Structure formats: C-alpha cells, structure tokens
Amino acid sequence: MTQIQLDDDQRARESALDPRSSYIIQAPAGSGKTELLIQRFLRLLVTVEQCDQVLAVTFTKKASGEMRARICQALESALHHPEPDKKHARLTWSLARDVIEHGTQMGWPMQDLSKHLAIMTIDACCQHFLSMAELPYQLYAAYQLHPQPDLFYREVTAHFIHRHCIAKKSRHYRDFHDLLLHQHHDYRQVEQLLVTALANREKWIRLTLTTRTADFVTDFSEAVGHVQDTHCITLSSQFSDALCSQIEHILSGLSALNQSIGLASAIDDLANTSLRSWDIHQWRLFIQLLQTQSGQWRRRLNQQNGLANQTTLKALDSAQRDRYGALKSSLLELIATLQAQSELAMRLQETAYIPVVDDPEQEWASLAPLLSLLPSLVAFLHLSMDSAQTTDFSGINLQLSSALTDDHIGHSLVMRIYQRFRHVLIDEFQDTSIQQFEIFQRALSSWQGEPERSICVVGDPMQSIYRFRQAEVKLFYQAQREGFCGVHLENLYLQRNYRSGIDIVKTLNTIFSAVMTPHLNRFYPAQAVRDMANSGCYWHEVDAELSQAQVICQQVQQLQSTHPDLSKCILVRSRSQLRYLLPALTRNRIAYNGVGLHALGQCQAVLDVFSVACMLMDYFDRLSWVSFLNAPFVAMPMADIQILCRDRHAALWDSMQRSEQPLSSDAQRILQRIVPPLQDALDGLAHQPLSDLTQRLWHQLGGDFTLATTIDYEQCLLFIDRIRELEMAAINITREHLQQLLSAYPETSQPTASNDLTIMTIHKSKGLEFDVVMIPYLEQSSPISEKRLLDWTHIAHQSAQHLLLHTHPRHRRQTTSVHRYLRYVDKQGQLAEMERLFYVGFTRAKTQLHLFSAQKSSYTERSIMRQLAPALCASLPEAQQIKHHHVSTHSSTLRHQSTTPMRAVLAADWLHPYADRWQTQRMDPAKRHHLQPLFTDEPIITRWGELIHLCMEYLLASERKPEITVAKIIQFAHALRIDLTTTSHGITHIHQALVRCIDDAQFIWLWQHRHSAVVEGSVLHASTVRRADYTLLVDRKRWIIDFKTHDMLTFLATGHVRTPTSIQHAYRDQLMAYQAAYQALDPDLEICCALYYPLTQSFLVLEHEPAPL
C-alpha cells in the first residue's frame, strides 16, 4: 500500500471528527467503522449543553447496546486508566477525557452517563419522534408493540373476510370474488397473500388511499414512462460519440439503399432518428436487428432482418452493391464489437424486460379489486389495534408519516425535533428502507443551512443484506449524490482493512472485482495493513459423490490440531444447509457453539412445557394431555395411558381422578404424585397467569430434574418468558399463539471457549470476526422469493421515488410486460444481494478463509459459483485449490455412538425435595388461591442467591473453559423474576465477581472434577430429603460443596463485601446434616464438607479439614 493511500484514509478519519460538517462515510468491512462512530459521538458531546442532544441511530438492539457499552468503556478508561500507547486508542481516550471535563462543568450525571445518551434503534427512534407529536398521534406511541404481529394479521384478515367479504350484500363481496377468481379460488392462498400484504402495507397504503381510476392510469403511465426514459438514457450513455456516428452512418446508408430497391424495414425508422433520441420502441427494433428471439447474437443477416438478399440486390448497380456489402460487413463487425462489451451487452438484453403499456385501463381492471379491498383491510386492522391498544412498527411509521405531513401539526413536530437534537448519527445506513428514509427527510427538513446542526451517516453498500426487511441499498448512493434531508453530505471513503491479513485482502479484492455486477454493486478494493502468518484463502472442491459435511469435519479436526488457539466459524447462507452438517459434527464428536440455529420447537423439553401449557388451557385437548403423561417427569406407562383414554367422551383429567380405573401400581403412585399439584394449577387458572402456573407446575413435577443440559433449561425458561410477554400484551392466548412461539430461534447456545467452533448464518455474523472462516455448499442456488399479492418497485426520477405497483399473476399466461419487468427487477435485486451476502461472509475471516463447493461442470444463475468459480481459478495458486476425491473413514465408527446427552426419566415413586413445603401450602386453605411461580415467594435476597446458584451451575456444566456474559446473567435474572431496575450496577458487579471466580484455584479444582460431580443431588435420610448444591468424588473422598452468598445488598451497591473467615452455626448444622446423610449412603467413604462463596472466592472447610488445594 502506498503512503498516499494511507494518507487519504487518515485524512478521511480526521475529517469525520469535524462537528461543523455533515458526512456520508462509506466504510468497508474491517475498516474500524464502529470506533470512528464512537469517536465522532464523543467529539459531538462536547459541543452540546445536554448529553441527550446527540442522537445515534442503529438498526439492531445488539448494535445499540454495543455502541452504548463501548462509549461507557471509553469513559471509564479515560477516568481510571492512563493514556494508552496505540494511536487510535489514544485518540478515543483523549476525546473521552474531554467529555468528562465538559460533562462535569455542565452538571451531567457522569456516574451513569451512558444511560442518559440518546442511542436507540431506528424503530425506537421513530417511536420517540411520534411521542413528541401532538394528540391524537401521540397516543399511538404509548401503544404496546404486539409480540406476534403475523398471527395478529392473520386473525384480523380472517375476521375481515368473514364480516365484509363472504355475504353477497357485504361491501367487498364483488372485490373478494374477483380476487378469488384471479387466484383460481384458492381461499388459503388469498388469505395468506392478504396477510403478507398487511405486513408490507407501508409500501402501498398511501397509493391505494389516494388512487382513483383516472389517477391510477396517469400515475401508472408516468411510472412506466420513467422506466422507459431512464433505460433509454442509460443505454445511450453506453455508446461513445464515435460509436454513435458509426451506427448512424451504417443505418442511414442501408436505409437509403433499401429505399432505392423498394425494401421497407425497421432500419428506416432507426435511420430517421438520432441514436441519442431513440425511444424504447426504436431500441427494441435495434436489438431485434442485432439478436435473435432467443437472445443469441446474429452471425448472418438476411432479408427478414431488413437486409436485401442477392436477388434483390441485382436492382442496384455494381458500385451500390459493393457499398451495400461493405455496410453489411460493417454491421456484422458492429455486432461483434457490441458483443465483446459485457456491460453494454447486458444493458441491451435488459431492454426486452422494459414494460410497454398500450392499454392502461386493462391493467387497472386487474388491480382495481385490490385497490378497493386493501384500504378497508388496513382500516380494519388499525381499528383492531386501537381496540387492543397495540401496534407494530409499520403502524408507528405510518402514524409518524401522517403526523409529519399533517398541515396542522407537522411543522410543530419538525420544530420540536429540531429543538430536541443538534446532531444525528445513523449507522448501517445501507439498510434503510424507503419509508424510514422519507421519515428522516421530513423530520430533519428544517436542518438545511443550519451551521450548528450536523448529520453523519455511515455504512457500506456492499453489506446491505436485509432486502427482506425492505432495505434499499440505492438510497445510500442517492444520499451520496444528492445529500440527505436537504443537507449536503461530504463523501468520505475509508480504505484500510484492519481485520484481515494481506493475503486474504488481496485475494478478495481480485475475486469481488470479478464477481460483483458493476451497475448493481460498486466494489471498492480495500487496503490491507496487517501481515499475518499462515493466512490465505483456500478453495475445496468436493467430488459430487462425497459427503461435503464429512470433508468439512475433517478440515475442522485438522485446524483444531494445527491451530488450536485460533477461533473458527462455519457460516451458512441459511439454516437448511445444516441438515447434514450438524449430525456429521455430532458423529465426529466435534463440539460447536450454535447461534440461532435451533427453534424452540426443536427442543423436546420445550415441547413438554408446551404440552403443560396447552393442557392447562383446555381440559379436552387429549393430544396435550397424552403428551404430558408421556413426558419424562411423569413417565406414565403407555398401557396405563391407553386405559385412561378408553372413554373417548371424557376428559383425561376426569379419568385420572376415577379410583375404579384398573391401573398398574406404578401408575397409581404417579397419579398420587401429580394429581395434587395439577389440581392446584387448574384451580388457579381463573386468577393466575398461565405462564406462572405452567412454570410452577413444571418445577413441582420435576421437569427441571429430567433435563440433560443447561441449554434445555434456558430454552424452557425462554419459552415461558415468551408466554409472559403475550400476557403482558393482554392477548387472549390460544394454542395457535403458543405454536408460533415454538418457531422462534433464540440466540442461546452452549458455553464454549472463545477459540472453539462457532456455527451461524451469514446474517447473524454481520459485525463479527473470526480467525478462520469456513463457508460450505457454495454451489447451491439461492432460493426464489416468496409469492406476494402485489409486486412493486420504486423508480428514481428527478430526485423523487415513484412507485410502480401491480398484482402478482398466478400463472404465466396472465403476465403482462409490467409483470415481467417487476419480476425481473426482483430477480436482479436477489442476485445482487446474493453477491453482497457472500461478501459479508468472506470478509469475516482474519487469517484463513476456506470455501467449499461440489464439483460441477456448470452452475445455475442463482448460484454464486457461476461467477466465483472462474475468479477462484484465476486468483488462487494451485496449492490453495484443493480437490477432494475421497474422504477418510476414520470417524465412521462413531456413527452409532450417541453423543447427545439423554434426559432422565423420573421413577414412579420419585419425590420432589420441596414436596413437604408444597404439601403444607395445600393444607392451608388461605394459601390455595395465592400460588406464586417458583422462587417468587422467596425474599429478594434469596432470589439473588438463586441467581448466583444458576450462574455457578452454568459455569460448572461447561465442557470448555468456563465463560459467562452479562447478557446471560440478565437472562437468568429475568427467569427468576428479579427486578433489575432497583440496582444500576448490580449485574455488572456480579459479572466481575464471577470472572474473578473463574480464575480462582478452588473453582478450577471444582470444574476439573465436574465429570464425577452431581448438581443439586438429593439424598433421603431420616425421612428428610437433603439436597446439596454440588457433590463430587475425588481420591475416594466425597466432597459436599454448598454455594453461599452474604450481605448481598452491600455487594450489589458497591461490588465489595467482607470476606467470611468462619462457618456460621446454621451453615455448620446444615453441612453436618449433609455429611450424615451421605455417610449413611456409603459408610466406607470419607465425607468432606465445605462452603464456597463465589463472589469473594472464599472456601471454608467443615471441622478444619484441609483444603484440596
């Protein structure tokens, strides 16, 4: 890299910190975009009087939390640590010091400043803007977001059809009938299409509300005209002046000679007009002259193409025939010249898809029923939302747009936003939708020409991969050309890549320069600054007869052997590609950290909780009751379940209470155990939330004792939390609501070391980096987009966006030129995003990038290998093009060895350790109607203690080096119903203490012997159940460890607490009881007891036993 390039990059970074200017920063992968954003945010803070006058907008909660955390980290570093050595870190430290000095002078709350900063997602920002509007718009900002909008759309659509479309006298009977006719009377298809249309109503609602027949015909014709004009201008710009003159000379000469022999053809129409003035019809005539109907370039020309044959040419003299032959040869040479110019050839081929509408009235006839039906459906949806006082993000955006365009209150809202904020930063700007773009255009319209206001947007068009969320990458380019919100944005380009090694950066520059479609994705090569050993890109071509999954497993094992300290990640385009890969990893005993790979419904333990919830809601849901009885925490013998199901007209609950049933002795003992808590739960349905009853019943029946891993426990708690969210939204929960919860993909995954194997989708990997990245199944085609009720695209013309809208045809024979154009645009958008998606995946690699594909002679258009294979062949040396013709069978012996932890099945006479306490509650009638979920009947200090116990169980269950995050601790706290608003730093203090605990020698000793340990082990002694926190067998000694906390309120407030030096009498008695119980179980085994305080890392041994370390 040259010094000039380095200086250009450095100047761009320095300019971005100028608070007086507005910028649009194009930052490629690995360029340090986030740190630059944080530096500008810190620089802007010293220019404002209130710390919340700088607005930072992100697109995900994760990005918002990361920005807030990194700003907090920068402030803490500047406050407590010396100036760092690295230049970029020193700049951040200096800016943070300035913020601390300025904030102290202004009286800002510096102790928890990060909580008062205006950092939010774009959806939260729109909701905040709406809350600043006047009534009635302000009310919508207070509505609760619906947790299951898709299911709500479906319910509203079904009610709307039933009330307004079915009866012959109903308002939309004829419209709905025409729609059914268009969809071949597929009622379910129509219903699904209407649901999908509601989810995307932002795009088309304003057009449908304002359109009438005349307006539609005019707007439709204008939109089509804009498409034609734009394409003609683009085409003509591809021809140089010399080429234009050559074409005009050939056509005019051929036309003159054709007229002299009386041969009329399309050449005459082309020759009479300058090429720069051709319309779409003339361009199509020109292309017909150059290409066949199948799109092949012509190699010969005859009279059907407008050129005379030898017989006709006899009417000319010799000189004219020679000139005619020369012109014909020039035309054939011209065809060869145009064919060699790939971009120009592609533009010419696109002309076939440009729409030509001769009868707009006919187009209106097919669209009219929808434009009549959809506004009423949206109105019905919003009435339903008002009734339930709920909304969705589309509803918020529509209300905000209405407020900003309202003649009475729009200006006042704009002025409130103007007074509230002085600077705006928008991250990931390439993911902005047209609706969000227009909202900010209106909301910040008063910032034009204001020297004390600035706008800075940051993004990378090459990383726009959220088209399914209506992201429009072309808006980024529009802002680069024309500015944003009326404010001129200075263009800045970051060029350095601080993430990947030089070899990877150079290879990717070569690859994507060839792969990217120029007019859809403008690729700018990055400049590498890091020289890494063993770095490079490798292409693995796998024989089509081999298992690509097994090849990947072998590669992972090789990397784990040769580079054990490097982090490794497998990225896939979609979860469907993991169908064979995950089982192969399991067979080969390769541990992995899966992020968002499995739906809740794929966890059998969650399905058992689902059965419990459904069973409580409906006595006659026999499927759920049978599933409940078959669950491992009940384990009713199947023969006894069949006996209970004999009476088909009775509820299973009634059958379970009949004493005359001829059940086995095991079944009778099971019923004695489960009927009392079941009765309590069913009695509490009238006045207790379903989530609390489900969680309590599941715990009382021992559901948590049957789980194989802590992940299963987390999944179950997450499912119950999702039920609780529905209850908080005042939703009347049905089985359909619970079924939709099962399709959610949580982020939870098993704890692994940082250098272990991670698996996720490319979408999930955005913003992350790994030492080694592996991307399999590159030969597979990208899926085709789902069918919609409406197809649309936005046409940019004179700085405005025009919507071209039409129905989606059910069959090909119904298509018109507009349909074909819309589908072509959609297809091109998908292919362009496919290129960007793999760009994101490839650029996650720091040291090594491994690409896997099956060997094929050719690839489909929707496969990235169609462009990637030639680029890899040209750019990679042969040593990095690896052919796999056979696969090792070394690991095949593991095929039948199960590595999946098995769930426990409770015995018929199993008794819960807390059974005595719950029995006492059942005997007291005053407590029967005051049931509480597990742990919530305990004092707040006890619940904090339970949180520490859960964290210790989580850490000790880890197969790799234990790790725990703040997010994980918060998740456990929510599961225990701990109110985190009462302490501002409690979770942080706990996390810091647990990090110290992980490095403690006594904890390491406990973790190293985890395979012989039992968590929450129960022993029955002297008619009393004793349950120890952690027991383990070491050197023929049974150690009983009880985890303790003390003085929690002080610790939560300060993060410090005195270190205990002796065992209290109550704890001593408890340990001695444990000792007696386990001694009775095995008299020949030496029993040792101790207390362990994780927060202070104190290990106290009973009766002065020597500590293990």
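This is a short tour of a predicted model, stop by stop.

Residue numbers start from 1 along each chain as its sequence is written. Local features need pLDDT of at least 70 and side-chain atom pairs pLDDT 80 or more, totals for chains, interfaces and linings use all residues, and side-chain values use heavy atoms, without hydrogens or water.

Colour the chain by pLDDT (the predictor's confidence in each residue, from 0 to 100). The average is 85, and 91% of the residues score at least 70. Select 749-754, where pLDDT stays under 50; this stretch has 21 contacts (heavy atoms within 4.5 Å) beyond four places in sequence. Then select 891-898, also with pLDDT below 50 and with seven contacts beyond near neighbours in sequence.

Next, colour by domain, with bounds from an automatic or database domain assignment. Domain 2 covers 147-209 and 358-386, and domain 6 covers 939-1099. Their C-alpha centres are 58 Å apart.

Go to leucine 135 and proline 136: the peptide bond between them is cis, with omega near 5 degrees. Proline 136 sits in the loop between helix H5 (122-131) and helix H6 (137-142). Helices (H or I, at least four residues) and strands (E, at least two) are DSSP runs numbered from the N terminus.

Two stops have positive phi. Glutamate 428, with phi near 50 degrees, lies between strand E6 (423-426) and helix H21 (434-443). Its relative accessible area is 16%, so it counts as buried (under 20%; exposed is over 50%, partly exposed in between, 1.4 Å probe, protein chains only). Asparagine 534 has phi near 60 degrees and occupies the loop between strand E10 (527-530) and strand E11 (536-542). Asparagine 534 is exposed, at 53%.
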